[in-house]
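Colleague: I would like to learn how to read pockets and charged pairs in a model. Can we work through one together?

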Amino acid sequence: MEGKANGPSENQAGRSVSGPTNPMVTPLLNDLYQFTMAYAYWKAGKHDERAVFDLYFRKNPFGGEYTIFAGLEECIRFIANFKLTEEEITFVRDSLPGSCEDGFFDYLRGINCSDVEVHAITEGSVVFPKVPLLRVEGPVAVVQLLETPFVNLINYASLVTTNAARHRFVAGKSKMLLEFGLRRAQGPDGGIGASKYCYIGGFDATSNVAAGKLFGIPLRGTHSHAFVSSFMSPDEIIEKSLKSSDGSHTSEDFVSLVQTWLSKIQWSKSLHGIFGETNQSELAAFISYALAFPNNFLALVDTYDVMRSGVPNFCAVALALNDLGYKAVGIRLDSGDLAYLSCEARKFFRTIEKEFGVPGFEKMSITASNDLNEETLDALNKQPFLFFEMKGHEVDAFGIGTYLVTCYAQAALGCVFKLVEINKQPRIKLSEDVSKVSIPCKKRSYRLYGKEGYPLVDIMTGENEPPPKVGERILCRHPFNESKRAYVVPQKVEELLKCYWPGSSGGDYPMVFGDVQCLNKRREDLPTLKDTRERCIKQLEQMRPDHMRRLNPTPYKVSVSAKLYDFIHFLWLNEAPVGELQ
């Protein structure tokens, strides 16, 4: 099942942009102070002044040196449908002081985002602190009303996508990663968002049925311990027949066929004495599940005892299915020493293949779950060899939930939305904490690549500065540290900010996708979810390994041009008050 398009599909020019995935994302999904500021702008006659805001973050999450940008599609859906209803305006009126004039509420009735312009980095890109993820330009009062929704839509999306990407990096390319976090997520929206953005970050499937329907994400899931413990014995099974996979014959008593295989395993030369009597209620549950899903039989084997009951019972059912032309999928481990148990299970499967001549049985899939996180995956990969010529673990797929979707290691990304220009006048926000000083003016951002194809540095320039050119040396400066500077001769230059919402100063703006020409700017189409996921994976592959490692990663360089550096410090000195010593 392929991921669906984020927005309207290709060749749908002329159709309106769908609203946000969550219907609660409305203009009222806002902080009250955005409306109080909007009123104050209106009262002062400043509400239509042209302002530029940057949305960015200050520090990479999880102790790493990269972040994945996500949430752009939901922002575009929001502004495409931005309009306060009469009911919402009434509520705003009741929430503001009674002294607010009626004319302001007439103003609210007329506003939309037709005169707002949004440039953004492509969703699914690797991004870094200080570089604007979005540049939002428009009437200051309207753009101010976008701040809280935009930060809300991007903050968690980028955080959980980055968390997923870090899990994928540690697990490796060959392992299947399954997102199982719905029941532990922070509410329905957290669950839906986590499924979508974990898929972008590199996970292969989700257990979340609603996310599968909304976004076309592949679904995975089998059964829980409750299903296993709900059975008492094979005598409960009433319908015992199972038709072969090709329909040529029927086993009238599949239960007996399984029990025959269990006896063969128990008394086989290679496995004799490894286990005794298995749990019969577990066997009944496995048989029932196989009768229901003969082509998709994957069993949870740790309800009672993995190696003395779960694995032998699974193998008996899998061999009976094999007699009828079906191939079982594998097992899931949800407790215990996952490395040891996975190796023991693989050894058991290998013995079955050799003992009974069943090709491919050794390769049965082993899935592990049980509160896994990035550290657990890393520890499993570093397990010492347990057997001769055997890996430290034999897990093929990981089901990860709580620590993934709740971003347990870090609660928030810390996105900010700062005014950098108004009426073409650059503005700066100062702080005693240098990390909180904003970079003023309307800017362009570029990624410079080196000879080996790796990104070397991101550089911000003033809007009207000439762009960096391939093969031409450019001075890259740290925005605030005078001594940190370097010349770069880029082998490739990529402009990061693209126009995803062009705006229309004339007010006649067709809210459509496609190759929309407006103010001589091409509107970028939103990619499909699958394309966004592939972009994320490709971008991570392009990063230098030392930027990606879990422990002590090398910081990626973010810089400004020499001209912008000089202007930042000129404005800083100009705006900072001069102290006086008494």
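Colleague: Which strand gives the most to the lining of the second largest pocket?

Modeller: First, a caution: this is a predicted model. The strand is S19, with four residues in that lining. The second largest pocket holds about 800 Å³ of space.

Colleague: Which residues lie nearest the centre of the second largest pocket?

Modeller: They are His478, Pro555, Tyr556, Lys557 and Val558, out of 31 lining residues. Then look at the elements behind the lining. Strands S17 (455-462), S18 (474-477), S19 (485-488) and S24 (557-561) each give two or more residues.

Colleague: How do the residues of that lining divide by class?

Modeller: The second largest pocket has 15 nonpolar, seven polar and nine charged residues in its lining.

Colleague: Now the largest pocket. What is its volume?

Modeller: About 940 Å³. Of its 31 lining residues, Phe180, Gly221, Thr222, His223 and Arg332 are the closest to the centre. The elements giving two or more residues are strands S6 (176-179), S12 (365-368) and S13 (397-400). S13 gives the most, with three.

Colleague: On to charges. What can side chains of opposite charge do when their charged atoms come close?

Modeller: They can pair. The cut-off here is a Lys or Arg side-chain nitrogen within 4 Å of an Asp or Glu carboxyl oxygen. The structure holds 32 such salt bridges.

Colleague: Which residue forms a salt bridge with Lys443?

Modeller: Asp54 does, and the closest N and O atoms are 2.5 Å apart. Check the sequence positions next. Lys443 sits in strand S16 (residues 443-449) and Asp54 in strand S1 (residues 50-57), so the pair links distant parts of the chain, 389 residues apart.

Colleague: Are those two residues buried or exposed?

Modeller: Lys443 is buried, and Asp54 is buried too.

Colleague: What about a buried charge with no salt bridge? Where is Arg135 found?

Modeller: Arg135 is in strand S5 (residues 134-139). Arg135 is buried but has no salt bridge. Its nearest side chain of opposite charge is Glu117, 4.6 Å away. Compare that with the 4 Å cut-off. The Arg135 side chain reaches the backbone oxygen of Lys443 at 2.6 Å.

Colleague: Which parts does the salt bridge between Arg550 and Glu374 tie together?

Modeller: Start with the distance: the closest N and O atoms of Arg550 and Glu374 are 2.8 Å apart. Arg550 lies in the loop between helix H17 (545-548) and S24, and Glu374 lies in helix H14 (residues 374-381), so the pair ties together parts 176 residues apart in sequence.

Colleague: Which residues are linked with Arg550 and Glu374 in a network of salt bridges?

Modeller: Arg166, Glu375, Asp378 and Lys382 are linked with them.

Colleague: One more pair. Which residue forms a salt bridge with Arg544?

Modeller: Asp546, with the closest N and O atoms 2.8 Å apart. Arg544 is partly exposed, with a relative accessible area of 25%. Asp546 counts as buried, at 17% relative accessibility.

Methods:
Residues numbered from 1 in each chain as written. Predicted model: local features only at pLDDT ≥ 70, side-chain atom pairs only at ≥ 80, totals over all residues. Heavy atoms only, no water. 1 Å grid on protein atoms, 1.4 Å probe; cavity = no way out; pocket = protein on both sides within 12 Å on 5 of 7 lines; lining within 4 Å. Points joined across faces, edges and corners; volume = space filled by probe spheres on them. Nonpolar A, V, L, I, M, F, W, Y, C, P; charged D, E, K, R; others polar. Buried < 20%, exposed > 50% of the residue type's maximum accessible area, 1.4 Å probe, protein only. Lys, Arg positive; Asp, Glu negative; His and termini not counted. Polar contact = N/O pair within 3.5 Å; in protein donor to acceptor, adjacent residues only side chain to side chain.
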